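Here is a short briefing on ring contacts and helix packing. Keep the sequence and the 3D view open as you read.

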Amino acid sequence: MVVGELTEEREVVIIGGGPGGYNAAIRAAQLGLQVTLIEKGQLGGICLNKGCIPSKIHTHAAQKLYSLNKTSDLGIECSNVNFNLNTLQTYKQHTITQLRKGIESLCKANKIEILYGEATFLSPNKIGVENGHNYNTYSFNNAIIATGAKRYPIINFDDYDALTSTSIFNLNELPSHLVIYGSDYISLEVATSFRTFGCEVTILLEEGKEHFDFDGSINRELNRILKKNKIKIYKSVSINSIKKADNNTSISFSSNGKEQMLHCSHFYSETTVKPELNLLGLDRANISVTESGYIKVDKTGRTIQEHIFAIGDVTDGPPLAIKAIKQGKVAAETIANNNSEIDLNFLPTVLHTVPPVAFAGLSEEKALLEGYKIKTSTFPLASNGYATITGEKDGFVKVISEEETDLLLGVQMIGNGAIELISTGVNTLEMVGREEDLLFPHYPHPSINEAFLEAVEGLTKKAIHLPPVKNKAKELHKLPLSQ
């Protein structure tokens, strides 16, 4: 077949079938557009097949295993509990396959055409799709680039391949000692999960890092929990060499100037994300890339070409599926002439660690740096009735508000239920909510939700399940009974 001999016409072409791409495809189809979705690998992209879903299956298993250790006081004896990694791997593959088939069914139900192959721009209005010996060309009215990114270890030695966020969850045997170089959320999920599975775990923070990049209160509680669970942390680490002999890996490093040596069975490295753009032919579509390697877009996902959009990891911002999903929907809605845009200010960050961490908005430190006069209140889960029932009392809910206006600026949480509860904080932040907006509604009892309520009440020293602050005791006694 001669290249360009026959060019088929398409209305909307989406390149990449990950969470951003397939969400964009379904939303566009819902709005009456004819959609062609092109995927070079498997639907669901890295997120479903190698990233978010596989990792969260492991973290969910770890959280379940951890919870079993809290059941003896309830009369549930689990003294002979065993963890089988191979069984978990089988369950993981079954779950991934089931979810992928679900995406395929949804695309079929929405009459979305799916093409498998590598797509390349031939001009601003034409692409070629290669799949083995088959090559076809398509013209289009609108296109969405959703090709995602690849992850690379932040540290690399020519003679040693470190485990990464896509390979660590494919192990068929548990490490006897896992050393983790990194401080991002995936590194912490790996650390707490494999420690719960029974592995010895050591964390090496990158050179120049003395703590994790979270609110100071989260860092202190996280460090306490990691220490309690016997996860050792070395700070400001510079690795000199990594050598492997048989089943043993030797790591030579310095920590705050002190030379150290560790021996382990497995070594994991945090990864950095780089967009996959080299083979897209963006120059032929007259789309430029920034110095940092991302496609520049506006609040609708539109590139410098009005009819071409880009979403997800190929654009600047945190490499999170929730960003890609929102961008995909907004791009599809814009193509369908709906008013829509994306704002990443209150994007929640969640860690499926043991216990979980979740936050949105400003940390205390960031709020002060930005010049706000703030109030903060922290309510410990140990003072929450339902946390006491479940026996999972580590953690707290912390709220930060502006002193003069009572405007909510940020929410920081660590502990069981944090990931589900953070949506309350995100909704309030998005609605420019104030303390009164969180104090007025009813909260279910008993529940972890009440910790959020009492954290907000604590901003005015009215949290019921906290003792009065000594120097404020007289003020509290003067409050009217109606308050």
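The structure holds eight aromatic pairs. Rings of Phe, Tyr and Trp (its six-membered ring) pair if their centres lie within 6.5 Å; planes under 30 degrees apart count as stacked, over 60 as edge-to-face and the rest as tilted. This is a predicted model: local features need pLDDT of at least 70, side-chain atom pairs need 80 or more, and totals for chains, interfaces and linings use all residues. Residues are numbered from 1 along each chain as its sequence is written, and side-chain values use heavy atoms, without hydrogens and water.

**Aromatic rings**
- F121 and F140 pair edge-to-face, 6.1 Å centre to centre, with 70° between the planes.
- This pair links distant parts of the chain: F121 is in strand β4 (residues 118-123) and F140 is in strand β6 (residues 134-145), 19 residues apart.
- Strands (E, at least two residues) and helices (H or I, at least four) are DSSP runs, numbered from the N terminus.
- F121 counts as buried because its relative accessibility is 0%.
- Buried means under 20% relative accessible area, exposed over 50%, partly exposed in between (1.4 Å probe, protein chains only).
- F212 and F214 are stacked, 6.2 Å centre to centre, with 20° between the planes.
- Both F212 and F214 are buried.
- One aromatic cluster is formed by F83, F169, F194 and F197.

**Helix packing**
- Helix α3 (residues 52-68) packs against helix α4 (residues 85-109) at about 135°, with axes 10 Å apart.
- Axes are lines fitted to C-alpha atoms, for helices over the stretch in contact, and angles run from 0 to 180 degrees between N-to-C directions.
- Contact (heavy atoms within 4.5 Å) involves residues including I53 and P54 of α3 and L85 and L88 of α4.
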